[in-house]
Amino acid sequence: MNPLELARAHPEAPFTVRFDGREIEALPGRTIAAVLWSAGITAWRGTRGEGQPRGVFCGIGVCFDCLVTVNDRPNQRACLTPATPGADIRTQEGTGHDD
Ligand code: FES
């Protein structure tokens, strides 16, 4: 069953964001992590040094595993940052500062 029907939710119209150049549909009120998950994307950061994939771990803004670059600003926590129409979201490598 559709989770929106289960919750009897009536969200506003969807909008699009871009993730690494790919257009993804987002519902208002969702965090970037929720939008990426709903598109089947579970990793969007590479760790410093080894480049190991990371995504959501705690989901509440504590662990910093979910860092992502949004509109050229690195180190945004995807689990806390709301998705906004037209946001340009990119996978973050290392510190996100080209070092
Ligand atoms: S998942 Fe832990 S800070 Fe976002």
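The following legends describe close-up views of a predicted model.

**View 1. The three-stranded open sheet formed by β4, β3 and β8.** In this predicted model, three strands make up an open sheet in the order β4-β3-β8, and their pairing is mixed. The edges of the sheet are formed by β4, which covers residues 53-54, and by β8, which covers residues 92-93, each of them pairing on one side only. Strand β3, made of residues 45-46, runs parallel to β8, and the two are joined over two bridges.

**View 2. Asp65 and its salt bridges to Arg45 and Arg54.** The side chains of Asp65 and Arg45 form a salt bridge with an N to O distance of 3.4 Å. Because Asp65 is placed in the loop between β4 and β5 (67-70) while Arg45 belongs to strand β3, this pair ties together parts of the chain that are 20 residues apart in sequence. Asp65 also forms a salt bridge with Arg54, where the closest N and O atoms are 3.9 Å apart. Here the loop between β4 and β5, which holds Asp65, is tied to strand β4, which holds Arg54, so the parts connected are 11 residues apart in sequence. Asp65 is buried, at a relative accessible area of 18%, and Arg45 is likewise buried, at 14%, whereas Arg54 counts as partly exposed, with a relative accessibility of 30%.

**View 3. The salt bridge between Asp72 and Arg90, and the network around it.** Asp72 and Arg90 form a salt bridge in which the closest N and O atoms are 2.5 Å apart. This pair links distant parts of the chain, as Asp72 sits in the loop between β5 and β6 (73-77) and Arg90 in strand β7 (residues 88-90), 18 residues apart. Salt bridges with shared partners extend the picture to one network that joins Arg18, Asp72, Asp88 and Arg90. Within this group, Asp72 is exposed, with a relative accessible area of 59%, while Arg90, at 30% relative accessibility, counts as partly exposed. A search of the whole structure finds five salt bridges.

View 4. Cys63 is partly exposed, having a relative accessible area of 27%, whereas Cys79 is buried, with a relative accessible area of 9%. A search covering the whole structure finds zero disulfides.

Technical notes
Residues numbered from 1 in each chain as written. Predicted model: local features only at pLDDT ≥ 70, side-chain atom pairs only at ≥ 80, totals over all residues. Heavy atoms only, no water. Pairing = 2+ DSSP bridges. Helix = DSSP H or I, 4+ residues; strand = E, 2+ residues; numbered from the N terminus. Disulfide = S-S within 2.5 Å. Buried < 20%, exposed > 50% of the residue type's maximum accessible area, 1.4 Å probe, protein only. Salt bridge = Lys/Arg side-chain N within 4 Å of Asp/Glu carboxyl O.
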